[in-house]
Amino acid sequence: MNDQPNENKLRILPVSQAGDAAQGHDHHEHDDHEEAQVEREHRLDLAAVREKLREKSGKQYWRTLEELADDPHFEDLLHREFPRHASEWDDAVDRRDFLKLMGASLALAGMAGCGRPDIDHIVPYVKQPDGLILGRPNFYATAMPFGAATVGVLVESHEGRPTKIEGNPDHPSSLGATSALVQASILNLYDPDRSQTVQQAGEIRSWSAFLDAAHDLATNVKATNGAGFGILSGATTSPTLTAQIQNLLKLYPEAKWYQWEPAAGDGAREGAMLAFGRNVNTVYEVSKANVIVSLDSDFLASGPGHIAYAKQFSRRRRLNGPSDTMNRLYVVEPTPSVTGSSADHRLPLRSSDVELFARALAGKLGIGSGATLSGEAANWVDIVAKDLQNERGASLVVAGEYQPAAVHALAHAINAALGNVGKTLYYTEPIAGDAGNLDAIRNLCVEMDHGKVDLLLILGGNPVYNAPHDFDFVNKLKRVSTAIHLSPYFDETSAYCQWHVAESHFLETWSDARAHDGTASIVQPLISPLYYTRSAHDLIAAFSDKPGMPAYDAVRAYWTDASSHLPSSIDVGWRKWLNDGVIPGTKAAPINAELKFNASSLPAVQSAPADQIEFIFRPDPNVYDGRFANNGWLQELPRPVTKLTWDNAALISPKLAQQRDFAHKVQSRGGEHGQVRVPLVDIELNQSKVTAAVWTLPGQAENTVVLPLGYGRMRAGYTGTDKGFNAYVVRTSNALWAATGGKMTATGDSYPLACTQYHFNMEGRQILSNATLSEYQKNPNFAHEHDETPPKEDSLYKAFAYPGYAWGMAIDLTKCNGCNACVVACQSENNIPVVGKDQVMRGREMHWIRIDRYYTHTESATSGKTTGDPSEYNPTLDNPPTFFQPVPCQQCENAPCEQVCPVGATVHSAEGLNDMVYNRCIGTRYCSNNCPYKVRRFNFLRFQDWDTPQLKLMRNPEVTVRSRGVMEKCTYCVQRINNVRIDAEKQNRTIRDGEIVTACESACPSEAIVFGNANDPNSQVAKLKAQQRNYSILGELNSRPRTTYLAAVRNPNPELEKA
Amino acid sequence: MEHHSHLHGVMGEFETPEQLLAAARKAREAGYKHVDAYTPFPIEGLAHAIGFRWTAVPLITLIGGIGGGLTGFGLQYWCSAITYPLNIAGRPLNSWPAFIPVTFELTVLGASIFAVVGMLALNKLPQPYHPIFNVERFASASTDRFFLVIEARDPKFDLAESSRFLQEASARHVSEVKDEE
Amino acid sequence: MAQIFHRSANLIARFSVLALVVLANLALAGVLVVARSPYITNERVSRVQPVQFSHKHHVGDDGIDCRYCHNSVETSAYAGIPPTKTCMNCHSVLFNNAPYLEPVRESYRSDQSIEWVKVHRLADYVYFNHSIHINKGIGCSTCHGSVDEMPLIFQASPLNMQWCLDCHRDPAKNVRPKDQVFNMEWKAPANQEEIGKKLVAEYKIRTVNELTSCSTCHR
Amino acid sequence: MSVTQPPLNSPDIRRLDPVLEPGHTYASVTDKIAAVVLTRPLGIGWLAGFTLTFTIVMVLFISIAWLVIKGVGIWGINIPIGWGFAIVNFVWWIGIGHAGTLISAILFLLNQKWRTSINRFAEAMTLFAVACAGLFPLIHTGRPWMAYYMFPYPSTMGIWPQFRSPLIWDVFAVSTYGTVSLLFWFVGLLPDLATLRDRAKSRYQQVIYGILSMGWRNSARHWHRYQSAYLLLAGLATPLVLSVHTVVSFDFAVAIVPGWHTTIFPPYFVAGAIYSGFAMVLTLAIPLRKAYGLEDFITMRHLDNMAKVMLATGLIVAYGYFIEFFMAFYSGNKFDVFLAEQRLHGPYSHFYYALILCNILTPQLLWFEKVRRNVLALFLMSLVINTGMWLERFVIVVISLTRDFMPSAWGRYSPTFWDYSTFIGTLGLFVMLIFLFVRGLPAIAIAEMRELVHESHEKGQK
């Protein structure tokens, strides 16, 4: 491929140079006319640099920096400005080593381009680290701290650069699986827009300079005994950090610690207080529950432990035959969530009506005075209550994170009444501290307002952007004499802080974190910081009695003490802890919290009048509260249910859309698979206004409008800035999660949204076969009712034999909940590029595996046209059954794509893989046209980023990096197959079942994807394929896919079915 | 033409194809062997009249066609089944039905090229120089005049004799065709 | 009409037609030949290295085993280029002040890698794995030639796909007993064909079908 | 639909126009046609036309350059619609490229005298159309510089083209068709080149035509072999013409995409090709005869016959459309049925109705002799049909792809500026080549015209 540069040497510029460099740029322009400017050279006005670079794209940004880096002036400029930095740069041995090796690994990995340059270097180590074998990845256990949640992970490292995140089977919150966010977090590490140095008022400062400043500040607050010293952090589960802060609070008795998580609710904590008079942490044993009722809880896809819960949940839905049983899930929620979409019964209710429902349910179970419901809900409550009764001790009621205290309290009461406590759930001491979320930020704002805060440490978080609007955080922050902001990006908040400290990525620093059940893990760095970044530990230490204490020492110190009451002391255990990724004996012990709660004492519910629109705020499924806004993978990842990318939109119900006649317009460019124009509306709420695009979402509760948080960022970086609308603008403290009394008026303008799947109707084709458990038991063969697959022997040709391995995949649609983990895992494993909103709108996104979302039992809106357009209202859209179907390459044995390729760039391997040979492909796109499943992806333009050095570090050297003009697609992770096969052959043995795990399979929290050798009757995949539920999409085409599906089976309550 | 040169033949010019045809037949009867006729467009029976019967063009074409066809199928079979047999879409290595189009095309290609090249070769073309062009009046051979040439190499050739013969055959004009050394 | 061309034109015309055809074919053949020539494959081209390291001396004269430096060849896809440390193991004592070894010492001192010039460049997108070939009885010299006689290393084989296929289609002609893999002197015995067949079976070398599947080398 | 020549004494003769207006001699036809090339000065019209088309060709080059720089992403194509304008244009041009060889070959075999005065530039048109067509399969690839992978040559990779792919069949079919048409054309030109050589005044004209004519000297022996070769070529070209568009139709018929996978395609593509081919011949012939006063040679008889051919082929095409629907509903294949409905009601239905209007309804006017003999009407009609045939290819290529098997992957297509500029560019290229042709070579086969004169004389004498 001529247009692939041959990158075998790399260097990374810390922004200190960037600043310099760009300044150097400045001074070139300047000394043209006046030498007097020479003095200015020394000043590094980063603001100006940013100004200069703002409108530039990431690529340009880096290019400018690089050409400037070669500027002779700049090196000595650097020395003059930062003698210390400069020298540091010179003997930053580890960094340079690792860069060299980058060269080595890239060159060796054969990523070199095709315009064979004659000279090409190999840059070996000077001293090779022990245990490193060139070309063999190492895996290290660590943990990803994420607010109150923590996911233990194993990180794949190629010659010192982390390239891929896998779940850690030993970690209780992972059980070997991951989520989309965890998978994507590695991209943040290599994000070129990351903040890279310490800055004071926009000027680059050295860490030591900061330490000095910190020392002075510390002595000042010491004088006042800490009065006016505030620490604002997000929720943290890090024992070390907590200890450090506690220690700090001892040093400064007057100092205060505030915690603010914009996307975490207070309901759980307050509910616990209400129910038990104390805060507790609730751990669910989902696997033990036969009947689960979720009161607006998305416990399968968000919140602490959700990955583990999804795994446990799916294990209860494993069907080996019609005789097997399943658990049953009822979900009551205002807007379709991943959990709701995969429920057996789903009841759309406005957020404020959920409490009503909870009370009614409690009432039915003899708790409190109950409540009266109307319509479907009334009928529901009876049946659900009965179902719960029947499963005493084996049922579970889960309250949603964004529901008020009452709902949580009621949930506790119901679980207690049903005797579920200690069976399907248990309580522990709180894991993430129990600072009141909203109160904390409120108090802080009050203090700041009264000028009582002189020194504020902001550890991560972005309050200027996401604090409740009515608190007017910005102006109050301005009253703080010294605010220090630690964050990975120079974001909205950084701009208003005197000091900005670039924060290290969790793969760059030492720390520790606790799982949802309390189990602690050591967070160990995979790579020395790419830039001059620090962790919260360093920052706290700077103000403690041990300034400059490295995070490592802090962690060691904490666990040296802590290990005294652990099975093994730190000296014995440390290496094992690091190796396993968990610290044995740290699991939180169950406590028995006895119920001091009288449901009747609850104040009357104030649910808004039914005709009033209720606006609810939810973190975006992908960018969460906004912290992932600059993550291209997540931006381009279609939202699980809406399938929207690159934007958030106000989600409304089809009925509401009809009333307001908000119609969607499918654009001819891209069309159903790409671009949809939707109306823009002004949303006036809480004396504030925001303009948003509206999206009609089937299954949404009528008169509910969802405003997803995390968008409309002003300073997120190249990828995340100015995308979507900022819902925080209309979010106030009195209505953090649900607000009424707002107005929604169409502006008359429209806005294009990038939607990867618009058509939700299967048009009666053999695509996603599904049934209820009872139907399945009656007719185990239901998946083949309309299956017209011709028998193999009907072929004129003699079928090819696959005597050796026959790779195949089985995807259980009963288990898949559409969480997207597989999509990002695949993107990360296979170097799949991000193409941007415009290209997605043209229908050119590159995901090798996509998750199709279908609504069944929907009549297509207007006959004949069958646009499957949710904005064309019909009653079936009010609450349609939703199903998800992951679609990777089907690896057909009679692959239609192969037959039409003129150059044989896609052919069959002896093991039945549909090989794709990128360097043979000339890009006729005929294969894609002829692919009935449309799983092939084409590099219409030069989508792959060949210039940004960081992104090169991230790439998987085992996989070809495709460039412009070639077709690509899922290969069953052939690189993994080959590596495992080679190892097996070296030992002269056959590959064991489960030895090869594809990226999607390993990421999947619900074990829906199984890969293996279909020829081996004992392999898991063969067994699944032997099931009657097993079928191929569009079997009548006789393409004989190796990827087959197990029909979806749901377990609805017959009684509710009748109704 | 002053400088010495030898004779190529005598040329009779006729007004109509019919006269030429008649003259040509006479010439044959008179026993002339090396006779050629030149006409602005092909005239039925003329070739026969000057004693030219069989042409190899069709045979050459046939050979070309067969050659092309065999190459075509051979190539495809060799590529798909012998040199690098690959499982493509589960189709047999020798998917002969799929090989028909290319085989056919190459058959036609071979035949056509052989036909044209053969025709030119047999006509000894290209041959930009030819003594007959020396005759001024010959230009009208490509417009509206019809010529009969009795060549000097004909054993029965005799300048005076042959010229008279042509005149008797109602040639409008008779001229010598000289060939420069 | 007057003669337009001289009589010689006939010869010229016919000759030039012929020439055209011949030249066109020659040109075509030429391209195909060049594509296989060292000019493109870099076969037998040795490079100027920062240190003119002699394999002849180290392998041939000193008899150092390949794996002493290329120590990951049995375990990893990459044979491994030795770190400076490996050189210094000996050269901290031997020739420890030889001027031409200064770059090595300098590298060790300054912790700056020696930048070797790549000699064996595989075609793009090929994922070659040394360890499996070593483990299945393909000797170093089969592809790298008699390194022990190369003062300056050069690429002994064309390393193009056709060349790879030749062996993947008939490994028997190159497979040798495992204990001979690192033996530079090993020459194929007269009865290589039958021995090879035995070894192929013994080492469970995969079928030609599998060895010539695209994904065996391309990902 | 062969119109055989009735005996001269039959009363019909008065109703049937001659293929050559009376009163012409060998000399007069030769003069008149050769004059266009040799003596006639470059008219302002010609210059203007040439300059215009030349600029359009520049646009084409720019478009292609940009394409190579940026990639096919500058076009409107996407997943699922992997083929857009490029392939539509390819099929359209190839179709147009059919009339030429067909007129020369098939009508020659059928001994249709009226072909004589139109075959020459019909063949030229074929060559130019094929040139335009051949451009697209090349540039539409993602990596045009790798397109040579499609040819069977001994590569160092040891791999070969995949001969089961219709695209490879295309490569062979189109290149063969190009070559054979060129040969056929050249052979036909040989005697005329000689004529020009003989009448050329300036030295360089003599030399140029001298070289091109290879020293053809109208010898009876040469004529004999010549005729034999020409007849054989005609015989070979006839099945070739049919095969080429059959192969092109295989690009679709062999694929499994609903709307492509149809057995009716080969015949109906060929018919369509001839249909559009004749339309294009008319589009060119009518202005040409006007501009160079060749009404005597391209008479109403020719126009009338071509109109009849269009009517006939048009009806076959209509039958094709009908069968597509019939088979969809008769077979009951849910994908085909769905696609049929989409054509009528889907987002692109207006294209389909436009197509029906252009290709089926309008041409029905050709039943009326009045229309067939109204030059202007014919000209407009030919334009309409050309448009219609382009629409047909658009409907087949693009619209089928927008609604295939997986509803989740459905998409739509809309062309970009570069799609248009490339298409218009090839139109410019085509017309420019025509301009060059009419001034560089005899647009009508002179020798064959002389033959025609000869025959009419013979008849006269009877």
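Predicted model: local features only at pLDDT ≥ 70, side-chain atom pairs only at ≥ 80, totals over all residues.

**Chain A, helix α11**

I started just past α11 of chain A, where A:Gly277 has a positive phi of about 75°. Residues are numbered from 1 along each chain as its sequence is written, chains are lettered from A and ligands numbered from 1 in the order in which they are written, and side-chain values use heavy atoms, with hydrogens and water left out.

Next I listed the buried residues of α11(A), residues 267-276: A:Gly267, A:Arg269, A:Gly271, A:Ala272, A:Ala275 and A:Phe276. Buried is under 20% relative accessible area, exposed is over 50%, and partly exposed is in between, with a 1.4 Å probe and protein chains only. The cover over these residues includes α16 (405-417), β14 (425-428) and α17 (437-449) of chain A.

**Chain A, helix α8**

How many residues of α8 (180-189) of chain A are buried? I found ten of the ten, so α8(A) is largely enclosed by the rest of the structure. The buried residues run through A:Ala180, A:Leu181, A:Val182, A:Gln183, A:Ala184, A:Ser185, A:Ile186, A:Leu187, A:Asn188 and A:Leu189.

**Chain B overall**

I counted five helices and four strands in chain B, and from the N terminus they go β-α-β-α-α-α-β-α-β. Chain B has a radius of gyration of 25 Å, well over the 16 Å of the globule rule for 181 residues, so it is more spread out than a compact globule. That radius is taken over C-alpha atoms, and the rule is 2.2 Å times the number of residues to the power 0.38. The C-alpha trace of chain B spans about 80 × 35 × 30 Å along its principal axes. Of its 181 residues, 57% count as buried.

**Chain D, α3 against α13**

I then checked α3 (85-109) and α13 (375-402) of chain D: their axes come within 9 Å and cross at roughly 135°. That makes α3(D) oblique to α13(D); under 35 degrees would be roughly parallel, over 145 roughly antiparallel, 65 to 115 roughly perpendicular, and the rest is oblique. Axes are lines fitted to C-alpha atoms, for helices over the stretch in contact, with angles from 0 to 180 degrees between N-to-C directions. Contact means heavy atoms within 4.5 Å. On the α3(D) side I noted D:Phe85 and D:Trp92 among the contact residues, and on the α13(D) side D:Trp390 and D:Arg393 are among them.

Most residues other than glycine have a negative phi, and most peptide bonds are trans. I logged the exceptions.

- B:Leu125 and B:Pro126 are joined by a cis peptide bond, omega about -5°; B:Pro126 sits in the loop between α4 (96-122) and β3 (146-151) of chain B.
- D:Ile79 to D:Pro80 is also a cis bond, with omega near 10°, and D:Pro80 is in the loop between α2 (44-70) and α3 of chain D.
- A:Glu763 is not a glycine, yet its phi is near 55°. At 18% relative accessibility, A:Glu763 counts as buried.
- D:Met214 has a positive phi of about 60° and lies in the loop between α6 (203-213) and α7 (220-253) of chain D. D:Met214 counts as buried at 17% relative accessibility.

Terms used:
Helix = DSSP H or I, 4+ residues; strand = E, 2+ residues; numbered from the N terminus.
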